[in-house]
Amino acid sequence: MPFVLYLLGLAVFAQATSEFMLSGLGPEIAQDLGVSIPTTGWLTSAFALGMVAGAPAVAVLGARWPRRRTLLLTLTGFLAVHVVGALTTSFTVLLITRVLAALANAGFLAIALATATSLVRPDAKGRATAVLLGGTTLACIVGVPVGALLGGTFGWRSAFWAVAIISFPALLGILRSVPARSTGSAAVNHFRVRPRLAVLLLLGALVNGATFCSFTYLSPVVTEVTGLGSGWVPVMLALFGIGSFIGVTVAGRYADRRDHRLTLVAGGILLLGWCGFGLAAQQVVPTVLFVLVQGLFSFAVGSTLIAYALYAGAAAPVLTGGLATAALNVGAAAGPLLGGLAIGLSGFRGPLWVSAALTGTALCVGTVSVKLVDREGPG
């Protein structure tokens, strides 16, 4: 893989860390800026909404520009708003920076997915996608715990400074290494979302919804259902992240085979895993195993579906990357919402069963639509 892909992955790592780190910084932000802890939750919601809206919007606006220019502008904007966020004493300003950061993040990821797949052989899109999404999984393992540690030791602003600092080497690498070529406006003008691509985007949203439904509420599952102490929560989160990193890395090679049968089998294992986790969550050893395995298969299946979407939308890779980014974030926003409703109805096991239901729905849709999700490249 070209080295520039790893620089793009570094930027994705910084952006994913920024997206997830607020879960550990809420109390400090609330105390410093004089708002309630529930109010700090608006920062997460604002970021999610910005990601959903920003990916296709920035992809369309930047589709006629050279990819390097768009990557530089979006990453520079992302870096700049983190500096503003680290300096501000106003919650309103911080909230605005989160929306702007999400717009920049979404646009960057859409262009980065298209760029990564254009820098490798036509049959290596899955491996290129895995390098980028590996940045997200590493954020779960390293970025979020370190962000929480920095916030607890030096204050929440230090985590914002850290994200800005990590983004800078990627900015220089993009300037030096990404070709300054156009993305091709003709493809944008004639782009249509064909049935195969639409199905893949739906599947990606469902699987990612299942993933974040349970990942968001893993802490109360571990403490309230399994009965482990709060000190185990970072361990379990890191274990989930390790599984996700392995899943993305291994799936990269299999995704390039474009064999939907492998994906259906992996989806079936994922469904059984959520059901097993729901049944055995009171027991320590099964919980530890399921956290690792579900992280692995969730991200393996999810990243494979995104790679398939990039193959299906190869005629307009930037717009396809934007739609894929939006689909992932629709799932990431809807999953925790459904999980929260399930907790109110059936307790802390509820999100695990919602994840099973979402995965089962994806498996049914994928099986019925199997003729649309085949070995062909462009949709």
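Colleague: How many cavities of 30 Å³ or more does the count come to?

Modeller: The count comes to 6. A cavity here is a set of points, on a 1 Å grid over the protein atoms alone, where a 1.4 Å probe fits but cannot get out. This is a predicted model, in which local features need pLDDT of at least 70 and side-chain atom pairs count only at pLDDT 80 or more, while totals for chains, interfaces and linings use all residues. Residues are numbered from 1 along each chain as its sequence is written, and side-chain values use heavy atoms, with hydrogens and water left out.

Colleague: What volume does the largest cavity have?

Modeller: About 340 Å³. Grid points are joined across faces, edges and corners, and the volume is the space filled by probe spheres set on those points.

Colleague: Which residues lie nearest the centre of the largest cavity, and how many residues line it?

Modeller: The lining has 21 residues, and L133, T136, N208, F212 and L328 lie nearest the centre. A lining residue has an atom within 4 Å of a point. Two or more lining residues come from each of α1 (3-21), α5 (91-118), α6 (125-154), α9 (195-216), α13 (284-312) and α14 (317-346). Helices are DSSP runs (H or I, at least four residues), numbered from the N terminus.

Colleague: How do the residues of that lining divide by class?

Modeller: They divide into 12 nonpolar, 8 polar and 1 charged. Ala, Val, Leu, Ile, Met, Phe, Trp, Tyr, Cys and Pro count as nonpolar, Asp, Glu, Lys and Arg as charged, and the others, Gly among them, as polar.

Colleague: Why is α1 called oblique to α6?

Modeller: The two helices pack at an angle of about 40°, with their axes 7 Å apart. Axes are lines fitted to C-alpha atoms over the stretch in contact, and angles run from 0 to 180 degrees between N-to-C directions. Under 35 degrees counts as roughly parallel, over 145 as roughly antiparallel, 65 to 115 as roughly perpendicular and the rest as oblique. The angle therefore makes α1 oblique to α6.

Colleague: What is the handedness of the crossing of α1 and α6?

Modeller: Right-handed. That term applies if the near helix is turned clockwise from the far one by less than a right angle, and left-handed if anticlockwise.

Colleague: What makes α5 oblique to α14?

Modeller: Their axes come within 7 Å and cross at roughly 130°, which makes the pair oblique.

Colleague: Which residues of α5 and α14 meet?

Modeller: A106, L109, A110, I111, L113 and A114 in α5 meet P317, V318, G321, G322 and T325 in α14. Contact means heavy atoms within 4.5 Å. These residues divide into 8 nonpolar, 3 polar and no charged.

Colleague: Why are α6 and α7 oblique to each other?

Modeller: The axes of α6 and helix α7 (residues 156-177) cross at roughly 135°, and the pair is therefore oblique. The contact is made by G147, L150, G151 and F154 of α6 and W156, S158, A159 and A162 of α7.

Methods:
On a 1 Å grid over the protein atoms alone, a cavity is a set of points where a 1.4 Å probe fits but cannot get out, and a pocket is an open set with protein on both sides within 12 Å along at least five of seven lines; lining residues have an atom within 4 Å of a point.
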